[in-house]
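Please consult the sequence and the model shown here while reading.

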Amino acid sequence: MSEPEFNILGFGDISYVSQDGNNEDGFFVGQAVAHLTASLSDSFGVFGEFSLTGKDSEYSVEAERLMVKFDFSDRFKLSAGRYHSPIGYWNSAFHHGAWLQTTISRPEVVKFGSKLVPIHFVGVLLEGALPSGDLGLSYKVGFGNGRHGNIARAGDAGDINSDKAWLVQLSSKPKRMFGLELGMDIYSDEVTLPASPNVDETTITAYAAWTKESPEVIFEYMHSEHKLVNDSSASGDVNAWYGQVAYRLSGKHRLWKPYVRVEQTDVDSSDPLLGGEGLDYDAGVLGVRWDFNPYAAIKAEYRNEEFSDAGRENNFRLQISFVLAKL
Amino acid sequence: MNDRATMQAHLNKLIRKFMHIAVCMLLWSVAPPNVYAADDLVTPSPIAIVVHESTGVSNLSLAELRSIFLADQQFWSDRTRIILLVRAPQSDERDFVLNRIYQMTEAQFRRYWIAKMFRSEVPRGPKIVFSTDVTLELVVAIPGSISFIRADEVTDDVKVVRIDGKLPSDSGYPLK
C-alpha cells in the first residue's frame with residue numbers, strides 16, 4: 001500500500017458589478033473555495049470542498065462537497081457523501097471554480113441557489129467506464145436524499161420524505177473526436193414544501209461540450225416535469241437551455257478568449273412547484289477573458305437580461321479569478 | 001405586447017445566428033490548423049513509453065496511451081492503480097508528449113489537470129519528475145508507474161511498451 005497523500009486546491013475571485021437601476025454597484029468578493037483531497041490508499045480516499053461566501057454582514061461557511069471514495073477499478077467507483085449533482089454539464093464541470101469557467105457568470109439555470117435544478121445531492125454514487133471501445137462511454141448512478149423544504153438546498157440532514165431521489169447519467173467522450181463530450185441524465189424525486197402538497201419531479205438534461213478552446217462550444221438543455229402526487233392533472237413543465245461559444249485566439253493574442261452566450265428559461269405558470277416563483281428568464285452575454293497569468297484570469301462581461309417580463313436590464317462585470325494549485 | 005413580440009423576434013434571430021456560428025466553428029474545428037504545434041519542437045530521439053517491469057502490458061494503441069495519460073483510464077487490467085510520471089516544464093520530452101499525446105499547450109495541460117482534480121475524478125495530478133535519471137529510478141521503484149523518456153536513454157531495468165505494435169526502433173513508430 002502506498003503512503004497517504006494530501007493535496008490542496010484553492011479558488012477565488014473578486015468582481016466589480018454595475019447594473020441598471022441598482023444603487024449597490026461595487027466590488028464583491030466572490031467565493032473563496034478550498035479543496036482537500038486525501039488518498040489514504042490506492043483505492044480509498046476522502047475529498048472535501050469548503051467555501052467562504054460574503055453575505056451582507058458576515059461570511060458563511062459551507063461544506064459544498066464531502067465524500068469518501070472507493071475506486072475498485074475503472075468500471076466501478078463507489079462514493080458516499082455530498083456532491084455537485086451530476087445533472088447536465090456545467091454544474092459538475094465548473095461549479096465553484098470561477099477560474100475554470102470561461103465566463104464570469106454561470107447560466108441562470110445552474111446559478112448558486114437555483115431552484116430549477118437540485119444543485120447538490122446527498123447520498124451514494126456509483127460511477128465508472130462502460131466497455132464501449134472508441135465511444136468512451138461512462139455512467140453515474142446515484143441514490144440519496146431529495147431536496148430540502150427550502151428547495152434551493154440539498155437534504156443535508158436526511159430526506160424530508162420517505163421517497164428517495166435517484167439519478168442516472170450516461171456520457172461519452174469519443175476517442176476519435178478528442179475534446180468532445182456528450183451526455184444525458186435523468187433525475188427523479190418527490191419534493192415536499194412546507195404547508196404544500198407533495199410534488200413529483202422528473203428532470204431530463206442533455207448536453208454537448210467541445211472543450212478544445214479554439215473553439216469551445218457548450219450547449220445544454222433541461223426539461224423538468226412537476227406533478228402533484230395526489231392529483232397528476234395538476235402539472236407543469238420547465239424548459240431551459242443555454243449555448244455558449246468561446247474562441248482562444250492564436251499567436252501573440254493567445255492569452256485572449258472572447259465569448260458569447262445565449263440562454264432562456266421558461267416555466268409554466270401552472271407548474272405546481274415553480275410556477276409562482278417568477279423564474280422565466282432570457283439573456284445574452286458577451287465577454288472576453290484574458291489569461292494574463294497561468295493561474296489567474298481577468299474577464300470583462302456585458303449581460304442583457306430579463307426576468308419574468310420585468311423589463312430588460314443591462315449589467316457589466318469585471319472579475320479577476322485565480323486558482324491556487326501546485327502542478 | 002408588440003415590444004414583447006419584437007424582442008422575441010430579435011431573440012430568435014440572435015439564437016439562429018448563434019447556432020449558425022456554433023455549427024460553422026464546430027465543423028471547422030474538426031480539421032483545424034495545428035494551433036497546438038510547437039514550431040521549434042525538438043525530437044532528437046524517439047520517445048519510449050516505459051512502465052514498471054511487473055506491469056502486465058506490452059502493447060498499447062495510441063488511443064489507449066492517450067486515455068492513460070489523460071487519466072481516463074486509471075487502473076491496469078490487474079487493478080493496480082496507474083501512476084503517471086511527467087517531466088517538469090522546459091524539457092523537450094514534455095513538449096513532445098504535450099504536443100503528440102495530449103494535443104495541448106502548457107496552459108491547457110495545467111488547466112486540464114486542475115479541472116480533473118476539481119471534479120474529483122483523480123486523487124492527484126501526475127507526479128512531476130525533473131530528470132531522466134529520476135524518471136527511471138521511480139519507474140523501477142513504483143509498481144503501476146508509467147512514463148516517457150528518450151529511446152536512447154532506456155535501461156534494462158524498465159520495460160518498454162510497444163505503441164500500435166511498434167518499438168521506438170521500428171519504422172512507423174508513432175512517437176518519433
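Which residues of helix α5 (residues 132–141) of chain B are buried? They are T135(B), L136(B) and V139(B), where a residue counts as buried if 20 or more other C-beta atoms lie within 10 Å of its own, as exposed if 12 or fewer do, and as partly exposed in between, with C-beta atoms placed from the backbone. Seen down the axis of α5(B), these residues fall within an arc of 95°, so they line one face of the helix; the arc is that of the directions from the helix axis to the C-beta atoms.

The model is predicted, and local features need pLDDT of at least 70, side-chain atom pairs count only at pLDDT 80 or more, and totals for chains, interfaces and linings use all residues. Residues are numbered from 1 along each chain as its sequence is written, while chains are lettered from A and ligands numbered from 1 in the order in which they are written.

**Chain B: overall make-up**

- Chain B has five helices and six strands; helices (H or I, at least four residues) and strands (E, at least two) are DSSP runs, numbered from the N terminus.
- The order of these elements from the N terminus is α-β-β-α-β-α-α-β-α-β-β.
- Of the 176 residues in chain B, 28% are buried.

- The exposed residues D133(B) and A141(B) sit on the face of α5(B) turned away from its buried side.
- The cover over the buried residues of α5(B) includes β1 (47–51), β3 (83–87), β4 (127–129) and β5 (145–150) of chain B.

**Chain B: the sheet**

- Six strands of chain B form an open sheet with mixed pairing, in the order β2-β6-β1-β5-β3-β4; two strands pair if DSSP finds at least two bridges between them.
- At the edges stand β2 (59–60) and β4 of chain B, each with a single partner strand, so one side of each has no neighbour in the sheet.
- Strand β2(B) pairs with β6 (residues 159–163) of chain B in the parallel sense over two bridges, and L60(B) stands opposite I163(B) in β6(B).
- Helix α3 (residues 92–102) of chain B packs on the sheet and touches β1, β3 and β5 of chain B, its direction making about 115° with that of β5(B). Axes are lines fitted to C-alpha atoms, for helices over the stretch in contact, and angles run from 0 to 180 degrees between N-to-C directions.

**The interface between chains A and B**

- In chain B, 32 residues are in contact with 36 residues of chain A; contact requires that the C-beta atoms of two residues, placed from the backbone, lie within 7 Å.
- On the side of chain B that touches chain A, α1 (2–30) and α4 (106–118) of chain B each supply at least two residues, and α1(B) gives the largest share, nine residues.

**Chain A**

- Chain A has one helix and 17 strands.
- Its C-alpha trace spans about 60 × 60 × 45 Å along the principal axes of chain A.
- Buried residues account for 41% of the 327 residues in chain A.
- A209(A), in strand β11 (residues 199–210) of chain A, is buried, with 20 other C-beta atoms within 10 Å.
- Apart from neighbours within four places in sequence, A209(A) is in contact with Y89(A), E181(A) and I218(A).
- The C-alpha atoms of A209(A) and F76(A) are separated by 25 Å, the two residues being 133 residues apart along the chain.
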